[in-house]
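Please view the sequence and the structure before reading on.

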Amino acid sequence: MFVRNRWVIGNWKMNGTLASNAALLESLSAPKPSVEAQSARLAVCVPAPYLNQTQRALGGTGVLWGAQDLSEHRSGAFTGEVSAAMLKEFGASIVLVGHSERRQYNAESSEDVAAKAAAAFDAGLTPIICVGETLLDREAGVAESTVAAQLAPCAALIQRAGAALVFAYEPVWAIGTGRTATPEQAQAMHAFVRSELASIAPNARDASILYGGSVKAANARELFGQSDIDGGLIGGASLVAADFIAICGSL
Ligand code: PEP
């Protein structure tokens with residue numbers, strides 16, 4: 001039987017200094033037997049200038065790393081952009097695409113997100129494709145249709161990449177707010193995402209789907225215990241080594 005991969009991924013957002021990162025990376029590089037025993041995948045998505053430091057600290061430890069965004073283009077006159085190939089040169093194996101902060105502050109459309117996810121996948125990176133509704137969407141009863149519309153432009157990629165893709169359901173109202181979706185709310189949307197993926201391509205049913213939004217050590221185990229939740233994408237709590245390690249131990 002196919003076993004879906006379980007992940008805990010830290011998203012540092014635009015935080016860190018060389019000095020503070022060094023301490024955080026050092027604590028992540030220590031062995032975590034309870035997690036390794038389950039072949040879970042641990043990773044951090046760091047600001048691009050810190051990829052070199054992260055590669056040096058985490059290389060050979062089994063903890064993976066990646067970036068928080070990439071260009072959909074391979075190279076050329078795209079000032080300020082970073083390509084998938086550049087991320088690969090620094091050992092990245094994953095990259096976030098479509099995080100709600102990029103959709104909100106950088107006006108990224110779901111078509112942009114799909115192009116970025118395809119660029120990442122074609123370069124050998126695993127895109128972590130983020131989707132999620134706003135509070136207004138949820139209150140208007142359109143949470144599912146919003147998420148379905150965010151997934152739709154990725155259909156061609158989902159058909160060719162299937163279970164190799166990773167998705168993160170992150171309700172916008174739960175990101176950085178301290179307000180977490182209940183395990184029941186999160187499970188219901190994960191089950192919906194999984195059925196949407198399966199309707200696009202049968203083997204995409206086995207894609208990993210992570211929950212993100214104010215996950216903490218205190219709520220991680222219950223969230224990760226839901227049948228369609230394969231781990232978490234962790235923002236604020238990934239900046240505190242003890243908290244992030246405790247969340248990893250909840251897988
Ligand atoms: C995130 O940035 O993806 C996130 C889930 O943030 P937080 O855990 O701080 O809500």
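## The ligand and its surroundings

An oxygen atom of the ligand has a backbone N or O atom of G176 at 2.7 Å, a polar contact being a pair of N or O atoms within 3.5 Å (within protein, one must be able to donate a hydrogen and the other to accept it, and residues adjacent in sequence count only if both atoms are side-chain atoms). Of the ligand's 300 Å² of accessible area on its own, the protein covers 96%; such areas come from the Shrake-Rupley method with a 1.4 Å probe, and for residues only the protein chains shown count as cover.

The model is predicted: local features need pLDDT of at least 70, side-chain atom pairs count only at pLDDT 80 or more, and totals for chains, interfaces and linings use all residues. Residues are numbered from 1 along each chain as its sequence is written, and side-chain values use heavy atoms, with hydrogens and water left out.

Side chains also reach the ligand. In K13, a side-chain N or O atom is 2.8 Å from a ligand oxygen atom, and a polar side-chain atom of E170 lies 2.6 Å from an oxygen atom of the ligand. Around the ligand there are 14 residues, of which K13, E170, G176, S214 and G236 come nearest; a residue is near if one of its heavy atoms lies within 4 Å.

A pocket is an open set of points on a 1 Å grid over the protein atoms alone, where a 1.4 Å probe fits, with protein on both sides within 12 Å along at least five of seven lines; lining residues have an atom within 4 Å of a point. A volume is the space filled by probe spheres set on the points, which are joined across faces, edges and corners.

| Pocket | Volume | Lining residues |
|---|---|---|
| Largest | about 460 Å³ | 20 residues |

For the largest pocket, the corresponding residues are K13, M14, Q68, D69 and R102.

## Backbone at K13 and S214

K13, which is not a glycine, has a positive phi of about 55 degrees. S214, also not a glycine, has a positive phi of about 55 degrees.
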